[in-house]
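Hi everyone, thanks for coming.

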Amino acid sequence: MLTSLSGRSVIVTGGSKGIGKGIARVFAQSGANVVVVSRHIAEAEATAEEFRAKGGTAMGFAADITSMGDLQMLAEATEKAYGGIDILCANAGIFPQTKIEELSPEDWDFVSDTNLKGTFLSVKACLPYLKKSDQGRIVITSSITGPVTGFPGWSHYAATKAGQLGFMRTACIELAKYGITVNAVLPGNIATEGLADLGPEYAQSMANSIPLKKLGTVEDIGYAALFLASKEAAYITGQTIIVDGGQILPESMDALAQA
Ligand code: NAP
């Protein structure tokens with residue numbers, strides 16, 4: 001049983017749908033005050049309203065994580081609404097699929113600016129407020145793709161997801177003096193709106209390659225994030241938790257068939 005997050009203030013970037021919504025829902029159910037962030041206020045606010053309807057405390061906020069100005073306004077608004085920032089879930093990310101031969105420098109920059117620089121900017125904007133918390137936590141949503149595995153069309157995406165971990169390993173050292181921990185969750189294939197855009201064949205072939213034989217749920221990631229943000233995880237920093245149903249483990253194409 002984890003100590004309640006009642007009264008704690010949590011920002012979830014990309015919280016309007018997919019994994020971020022799962023993370024935000026788990027935190028809302030745990031009593032935290034949740035700020036749901038996406039570029040589209042109507043979607044962020046609709047998600048916050050869903051949580052409020054179930055007794056949670058939440059608000060929507062429109063911010064683009066590629067904009068330092070947006071993120072500073074987000075941090076200020078969170079302090080104004082909920083008295084500070086205890087936990088940042090740097091989750092928002094994009095995964096357009098393009099093979100290297102067709103990949104343009106602009107495609108590369110767009111994915112990198114969002115996933116990697118966006119993680120840095122989110123941390124930087126929230127840092128002055130996280131420093132004031134006695135339970136400062138940063139939980140980054142990385143991926144198995146990049147840090148552990150590869151997949152055609154995602155060289156740029158994979159580089160950003162591995163890059164987030166490089167960032168984390170120095171951030172956790174720099175921020176330790178403030179009592180802030182920095183950790184990452186590495187999801188495997190999780191059923192989200194973003195993943196659905198890749199088509200049913202992709203989801204089916206992924207499910208077939210996973211020992212637990214199904215995609216993960218967004219709450220599976222939410223519970224891992226909740227643990228890393230908990231009081232009980234105070235001595236864990238610079239670490240990763242893979243949540244993938246065992247997907248990275250089979251040594252060969254037919255290892256699962258032989259099980
Ligand atoms: P998703 O369903 O497409 O949702 C993405 C969320 O991020 C939305 O709320 C979107 O809202 C927001 N967003 C995108 N760009 C943004 C920006 N520039 N500024 C602010 N918000 C932005 O994606 P997902 O599948 O949940 O993925 C979420 C994270 O999990 C990503 O970091 C991804 O790399 C990681 N991940 C996903 C999987 C998976 O299987 N789904 C696996 C491994 C890792 P708006 O469009 O309204 O801004």
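The ligand takes up the space of the largest pocket. By pocket I mean, on a 1 Å grid over the protein atoms alone, an open set of points with protein on both sides within 12 Å along at least five of seven lines; lining residues have an atom within 4 Å of a point. A molecule sits in a pocket if more than half of its atoms lie within 2 Å of its grid points.

Please keep in mind that this is a predicted model: local features need pLDDT of at least 70, side-chain atom pairs count only at pLDDT 80 or more, and totals for chains, interfaces and linings use all residues. Residues are numbered from 1 along each chain as its sequence is written, and side-chain values use heavy atoms, with hydrogens and water left out.

The largest pocket has a volume of about 1200 Å³, counted as the space filled by probe spheres set on the grid points. Its lining has 50 residues, with G93, I94, F95, T192 and G194 closest to the centre. By class, that lining holds 19 nonpolar, 24 polar and 7 charged residues, with Gly counted as polar.

What about polar contacts, pairs of N or O atoms within 3.5 Å? A side-chain N or O atom of T192 is 2.8 Å from a ligand oxygen. On the backbone side, an N or O atom of I65 lies 2.9 Å from a ligand nitrogen, and one of G188 lies 3.3 Å from a ligand oxygen. The protein covers 95% of the 880 Å² of accessible area that the ligand has on its own, by the Shrake-Rupley method with a 1.4 Å probe.

Finally, the second largest pocket holds about 190 Å³ of space. Its lining residues include N208, Q247, P250 and L256.

Note on methods: Polar contact = N/O pair within 3.5 Å; in protein donor to acceptor, adjacent residues only side chain to side chain. 1 Å grid on protein atoms, 1.4 Å probe; cavity = no way out; pocket = protein on both sides within 12 Å on 5 of 7 lines; lining within 4 Å.
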